Amino acid sequence: MKNANGLISTTSSNTAQSQSTGLKTYFKTHEGRYKLYYDKTYPSTLLHYAHGKTVSQVTLAHLKDKPVPSTPTGQSSTFSATSGVRSAAVRLWGGSNGGRSLSFVGGNGTSKNLGGNSRIGSIGASSSSNATSNSNFDGKGTYLIFNVGDAIFISDLNSQDKDPVKSIHFSNSNPMCHAFDQDSKDGHDLIIGLNTGDVYSVSLRQQLQDVGKKLVGAQHYNKDGSVNNSHCTCIAWVPGGDGAFVVGHADGNLYVYEKNRDGAGDSSFTVVKDQTQFSVSHARYSKSNPIARWHICQGSIDSISFSTDGTYIATVGRDGYLRVFDYLKEQLICGGKSYYGALLCCAWSMDGKYILTGGEDDLVQVWSMEDRKVVAWGEGHNSWVSGVAFDSYWSSPNSNDNEETVRYRFGSVGQDTQLLLWDLEMDEIVVPLRRPSGGSPTYSAGSQSSQWDSVVPLGTLQPAPSMLDVLKISPLVTHRVHTEPLSGLIFTQESVLTACREGHIKIWIRPAAAESQSSNAETLLSTSLKEKPSILSKGLASIVAGP
């Protein structure tokens with residue numbers, strides 16, 4: 001959208017669209033106002049019926065500098081009504097001369113700190129990539145990868161353009177899940193699971209460089225469902241696993257792959273004797289890929305999440321159980337049942353002490369690894385909870401180094417189209433020690449893992465706790481952010497990203513980031529942009545203005 005001076009104004013465009021759907025473009029917390037900055041979606045030419053029954057998932061991918069330096073290009077010193085503001089925005093929010101940088105959180109809550117002189121991830125950087133010039137693409141940037149129907153779309157987070165810079169289409173199959181490995185030691189850093197059971201690993205940079213609409217340079221695993229032909233439901237890289245990744249399937253099995261092995265090798269496993277019990281089977285041949293099969297549960301595995309250090313892996317599924325495993329020991333540690341129905345999502349805290357789950361009981365559950373119990377229930381959603389995440393970048397406005405209280409901020413999204421933010425202080429948690437038969441439970445504040453050891457042996461899956469035994473918490477913020485059911489959220493250093501099932505993504509800028517951008521805009525206007533004060537001041541004002 002352009003204003004009277006021909007300048008691009010993304011904020012006003014988002015405001016108009018949100019008002020037409022009855023959605024607010026901001027929400028308030030104790031630390032200030034979060035503002036809708038811009039959104040991403042699939043091309044308008046994509047027909048609605050092509051979505052199929054897949055649910056859009058979003059992966060945040062940061063590509064580092066290309067190993068081979070690219071040829072520098074000259075920069076025009078002439079300002080025009082449009083290019084002047086866009087060039088100024090590049091410098092303001094992270095251009096090649098050094099601007100603000102972002103830290104991003106991956107799907108498992110791992111923080112990624114980017115260099116201060118990098119433009120990567122700077123919200124509001126201007127120009128978008130052009131498909132016709134992808135052959136000269138240097139590969140540096142932060143991207144949103146999301147699936148809609150039979151396609152994977154890649155959007156440049158540095159661009160304010162809604163449409164993606166790349167689309168990859170699959171024949172007779174739909175991508176269901178994907179994951180990116182920023183620490184990959186070779187080119188293949190993106191893995192994609194399909195509804196046919198097939199799995200691909202590719203280089204994200206190579207896909208962006210190619211102008212076609214098919215995967216290039218892909219490694220193919222479980223081809224035509226040769227090992228397992230049920231839907232891929234979730235996929236994740238093993239942290240520090242040197243190219244290992246895991247894929248969860250709709251039949252309750254999870255497979256361990258090594259990307260450097262030939263995906264066409266023969267893999268056969270023993271028959272699962274008891275569908276209700278956890279079991280591990282290793283491939284019979286040394287060159288097989290996948291190398292192992294974990295039978296987790298009856299029914300689908302809906303979500304998997306590794307702890308930051310890769311020691312533990314959490315799974316949730318259609319049977320309503322959270323299960324936590326020691327990944328290297330291949331051992332079930334603990335787990336428990338939802339209050340009602342299936343569990344759909346899970347996420348670890350950065351310190352590995354807590355796990356969030358959400359599902360069909362409309363609750364956000366906080367599980368303690370030390371206590372091996374549900375220690376809090378979040379009540380606030382009006383429908384199934386489809387995405388949860390800890391905000392590892394948030395700190396309490398009143399916190400100080402001497403404060404002993406540990407407080408966590410986390411978020412959840414659901415099919416009720418709402419984003420909920422939660423605060424939880426650990427000293428609020430009162431852990432029930434045990435419930436004597438026919439009597440009332442006894443309580444103790446803080447950790448009581450020693451008491452649980454005598455009651456709950458290692459590897460025990462516990463039933464759903466009584467409502468009387470669990471702390472109830474209410475959300476800090478309840479905000480309707482989309483018109484369609486939501487599928488996930490991601491926290492970054494300067495923003496919160498929300499995504500709906502239909503493939504629309506919104507970027508909500510944090511209060512501190514918005515204030516910083518406004519301050520930088522004022523500085524820029526008073527120094528480097530004195531040549532065009534009348535035009536550029538109006539242009540930048542339209543970019544940074546909020547409701």
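Predicted model: local features only at pLDDT ≥ 70, side-chain atom pairs only at ≥ 80, totals over all residues.
Trainee: How many aromatic pairs does the model contain?

Mentor: The count comes to 21 aromatic pairs.

Trainee: What makes the pair of Phe278 and Phe325 tilted?

Mentor: The planes of Phe278 and Phe325 stand at 45° to each other, and the ring centres are 4.6 Å apart.

Trainee: Why is Phe278 called partly exposed, and why is Phe325 called buried?

Mentor: Phe278 has a relative accessible area of 23%, which falls between the limits of 20% and 50% and is therefore partly exposed. Phe325, at 0%, counts as buried, because buried means under 20%.

Trainee: Why is the pair of Phe306 and Tyr327 called edge-to-face?

Mentor: The planes of Phe306 and Tyr327 meet at 80°, with the ring centres 5.4 Å apart; an angle over 60 degrees counts as edge-to-face. Phe306 belongs to strand S18, whereas Tyr327 is in the loop between S20 and S21, 21 residues apart.

Trainee: How do you know that Tyr327 is buried?

Mentor: The relative accessible area of Tyr327 is 11%, and under 20% means buried.

Trainee: Which residues form one aromatic cluster with Trp294?

Mentor: Phe278, Phe306, Phe325 and Tyr327 form one cluster with Trp294.

Key
Residues numbered from 1 in each chain as written. Heavy atoms only, no water. Phe/Tyr/Trp six-rings, centres within 6.5 Å; stacked < 30°, edge-to-face > 60°. Buried < 20%, exposed > 50% of the residue type's maximum accessible area, 1.4 Å probe, protein only. Helix = DSSP H or I, 4+ residues; strand = E, 2+ residues; numbered from the N terminus.
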